[in-house]
Amino acid sequence: MSDIAINCEGICKQYRIGERESYRALRDVITDAIKSPFRRLRQAPNGSESNGNGKPTVWALQDVSFEVKQGEVLGIIGRNGAGKSTLLKILSRITEPTRGYAEINGRVGSLLEVGTGFHPELTGRENIFLNGAILSMKKAEIARKFDEIVAFAEVEKFIDTPVKRYSSGMYVRLAFAVAAHMETEILLVDEVLAVGDAHFQKKCLGKMGDVAKHGRTVLFVSHTMPSIQRLCSRCVLLKHGQLAFDGEVDQVIEDYVSQQVLSEFVADPNPIGPAITRAAVTWSEGTGICVDVAFSSTFPLQPPMLGLVLYDPLGAPVFGTNGRFDSQTNLPESMAEGTIKVRIHTASLRSDTYYISLWLGDHHQDYVHLDKALRVEVGVGVAAWQPPRSEIGSVFLPTKWSYCQE
Amino acid sequence: MTVTSALQPNGTDVEHVGPVLRIKPSRGWVSLRLGELWEYRELLYFLARRDVTVRYKQTGLGVAWAVLQPLLGMLVFTIFFGRLAKVPSDGIPYPLFSYSALLAWQLFAYSITESSNSVVGNERLITKVYFPRLVIPMASILAGLVDFAIAFVLVIAMMAYYGVHPGWAILSLPLFILFELATALGVGLWLSALNVQYRDVRYTVPFIVQFWMFASPVVYSSTLVPVRWRPLYGLNPMAGVVEGFRWALLGKPPAPGAMFAVSSVVVAALLVSGLYYYRRMEKNFADVV
């Protein structure tokens, strides 16, 4: 018996662009056939390039190969559209690879979302059995774990109430509880930890940690770097459908966050005045962000002055700075075209999405204002469960604690 | 690399090499994998149960629907076809004649209506979890059996009222029910897979159901069809099913022999082709649904 749980060899997956909307009306097929009955015949010999019917295609995965050992917890990270979910879908047999193959040694359970197949009209009890069966658990197995599942979800009192009467928190707790009690050797998990309130998220992470410790193989897709760091022993980074990095968790995460353009704004120059032509936020050494602003102007700015304000997701300003009052060295006297870089240390910000507004001007006035033009996710390394911002604010200042016993 | 070769001793294209599962692109016609379907029989049960429970919980009349539909159909047919048009009913009281056929017909109509939309309707399941996709149309057909059982109680009451005693033929009823389910599954597999590609299929289903009913001996008797044309009439498998139901329950008209034989061949062809077509199309379900 080999100690390899999953072996992927050159997996490729091609999608037609817009395929998910591509179902056609039978009417179209019939009218097409009447309009050009011979087109299909004519196209047949050389129709391979554009997938037969001229639709553009995109490779969601290209030549992805890796191995996962038994008992290994592998994190999969990458930007949206990098192919993470497609990979999990192929490994869980929801969709087929276009090329390549994967070999799986052991029973696979996949958790691409919590509560798949939950029906609002059914009671908690009925949904546990239905959802369990969908996750390929046996009826006897579900019955055996029933009390444990209900206790984990903390819904004892409402177990015979239709789940449509549940609060959304109860609903996801129950859904996660069923999934958490799957006993497959291999578990494929996609971002399902982001459910419930802070207390339950902690419980979910704890449960995932238990799963990992019991020698089961786990593939874990997530955007939450702290969870990846906590749970995984190895990590792969997907970029544009290709395996870009495979190795130690910390190394891969660092590689990922340092190269990421988090948000970008591009515009044409203004023919009658100053304009911001490009603005981008990137990660800077894992502890901060860097705002790059390129500008061009029909007259020189004396000197070019940039202002920026960072807002929390509710639109409240968190922090702002401006070349006019932030002391700067080597400030140029005059410039008509160039780039201004601002590095901001964000380790004190709690993890969340922030928005940045920009102003461009000279010593006397502002000419350009871009309202919330950039968006940035901040907070690598900060635990995800915290009291809400409305209670403790956006800033996380460094603290030192001490206790004195009288 | 040594590990890879250990996993695939012959480098063959088999699905399972020992306990190892191989995931690879499938080509052409694929195996039905009925063994795997059997492993998932509990899912089939829970999905069918979900369909039944939800339907009865969501409708105001609930269980009454199962009886009302064939009952109202019977009333209308009895008034217009039985009384006014005086359609011959092989010496059976017309209400009983039409209800026994409607009993069979409702099961079929329900099954193909529900199953044709089943794959699209269960989009969430298909895009998020793996299981043998055949379970979905099968579950929606099995759910129809509950309505059937309820409507069946009424036919017994009617037989008692009209003093019709069932003979030995009634023992063959399960056979006709199975035959009907096979027909519905054959049609349902084709329609549900086609409906994923072409969403207007489901708009044609009500039309198909209506058209098919008048092409089947529901309001009239197949004895109206000249004897030499009956095998041809049997090309409609529901003709064999409906007459089979009447014969099993009421003992009249005589057993649909030749017609039923032809129907059997048609059903077998429909079912097998439906299964293979569905299996062939299902690999794209998650991408297209």
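# Briefing: chains A and B

The mean pLDDT of chain B is 84, with 91% of its residues at 70 or more. This is a predicted model. Its scores are ipTM 0.82 and pTM 0.74. Chains A and B meet through 46 residues of chain A and 37 residues of chain B.

**Confidence in chain B**

- Helix 9 of chain B (residues 173–197) has the highest confidence in the chain, at a mean of 93.
- Helix 1 of chain B (residues 2–7) has the lowest, at a mean of 34.
- Residues 1–18 of chain B stay under 50 in pLDDT throughout.
- For that stretch, the model has 16 contacts beyond four places in sequence.

**Where chain A touches chain B**

- The contact counts 46 residues on chain A and 37 on chain B.
- On the chain A side, the elements giving two or more residues are strand 1 (4–16), helix 1 (26–35), helix 3 (84–91), strand 4 (99–105) and helix 4 (124–134).
- Strand 4 of chain A gives the most, with six residues.
- By type, the chain A side splits into 20 nonpolar, twelve polar and 14 charged residues.

**Strand pairing between the chains**

- Strand 4 of chain A also pairs with strand 2 of chain B (residues 20–23).
- The two strands run antiparallel and are joined by four bridges.
- Ala102(A) has Ile23(B), in strand 2 of chain B, as its bridge partner.

**A hairpin in chain A**

- Strand 8 (residues 234–239) and strand 9 (residues 242–247) of chain A pair antiparallel over five bridges.
- Leu237(A) is bridged to Phe245(A) in strand 9 of chain A.
- Two residues lie between the strands of this hairpin.
- His240(A), in the hairpin, takes a positive phi near 45 degrees.

**Nonpolar cores**

- The largest nonpolar core holds 153 residues.
- Leu91(A), Leu219(A), Phe220(A) and Cys235(A) touch the most other members of this core.
- Helix 5 of chain B (residues 94–116) gives the most to this core, with 13 residues.
- Leaving aside residues up to four places away in sequence, Cys235(A) touches Leu74(A), Gly75(A), Ile77(A), Ile228(A), Val249(A), Val252(A) and Ile253(A).
- Another core, of 22 residues, lies apart from the largest one.
- Its members include Ala279(A), Ile289(A), Ile340(A) and Ile356(A).

Conventions. Residues numbered from 1 in each chain as written. Chains lettered and ligands numbered in written order. Predicted model: local features only at pLDDT ≥ 70, side-chain atom pairs only at ≥ 80, totals over all residues. pLDDT = per-residue confidence, 0-100. Contact = placed C-beta atoms within 7 Å. Pairing = 2+ DSSP bridges. Nonpolar A, V, L, I, M, F, W, Y, C, P; charged D, E, K, R; others polar. Core = buried A, V, L, I, M, F, W, Y, C linked by C-beta atoms within 7 Å. Buried ≥ 20, exposed ≤ 12 C-beta atoms within 10 Å, placed from the backbone.
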